[in-house]
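Dear colleague,

Please find the structure below, together with its sequence.

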Amino acid sequence: MPNNAAAEKRMRQEQKRRAHNRSTKSIVKTQVTKARQAIVAPAIKAEVAEEAVRAAVSELDRAAKKGVIHKNNAARRKSRLMKQLNAK
C-alpha cells in the first residue's frame with residue numbers, strides 16, 4: 001500500500017493507464033487475428049484479406065502512436081503480416 005498522497009495518486013494513474021493500454025492491445029490483437037485468418041482461409045478473396053491486413057496495420061500504427069507498443073514492435077508485426085499476405 002502507498003505511504004503518501006503522491007504514491008496513492010500514482011497508483012490511481014497507473015490503474016487508468018493499464019486499463020486503457022489493455023483495451024488498445026486487445027483491439028490490436030483482434031485485428032491481427034482477423035487478418036491472419038483472412039490470409040490463411042482459402043475461401044476468402046485476396047481483396048478481403050488485403051482489407052483485413054490494412055485494418056490491422058492501422059490499429060498497430062495507432063497503438064504505436066499512443067505509446068502502447070513500441071514503434072519497432074509495430075513495424076515488425078506489420079512486416080510479418082505483409083510477408084504472409086504476399087506469400088498467399
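**Helix packing and salt bridges**

Helix α1 passes helix α2 in a left-handed crossing, a term used when the near helix is turned anticlockwise from the far one by less than a right angle. Helices here are DSSP runs of H or I with at least four residues, numbered from the N terminus.

Please note that this is a predicted model, in which local features need pLDDT of at least 70 and side-chain atom pairs count only at pLDDT 80 or more, while totals for chains, interfaces and linings use all residues. Residues are numbered from 1 along each chain as its sequence is written, and side-chain values use heavy atoms, with hydrogens and water left out.

Helix α1 covers residues 5-40 and helix α2 residues 46-66; their axes come within 8 Å and cross at roughly 160°. The axes are lines fitted to C-alpha atoms over the stretch in contact, and angles run from 0 to 180 degrees between N-to-C directions. The two helices α1 and α2 are therefore roughly antiparallel, the term for angles over 145 degrees.

The contact includes Val57, Leu60 and Asp61 of α2, and Arg77, Leu81 and Met82 of α3.

The whole structure contains 4 salt bridges, each a side-chain nitrogen of Lys or Arg within 4 Å of a carboxyl oxygen of Asp or Glu. Glu50, Glu51 and Arg54 are linked in a network. The closest N and O atoms are 3.8 Å apart for Glu50 and Arg54, and 2.7 Å apart for Glu51 and Arg54. Glu59 forms a salt bridge with Arg62, at 2.8 Å between the closest N and O atoms; both lie in α2, 3 residues apart, about one turn of the helix. Glu59 counts as buried at 17% relative accessibility, whereas Arg62 is partly exposed at 40%. Buried means under 20% relative accessible area, exposed over 50%, and partly exposed in between (1.4 Å probe, protein chains only).

With kind regards

Terms used. Angles under 35 degrees count as roughly parallel, over 145 as roughly antiparallel, 65 to 115 as roughly perpendicular and the rest as oblique. Contact means heavy atoms within 4.5 Å.
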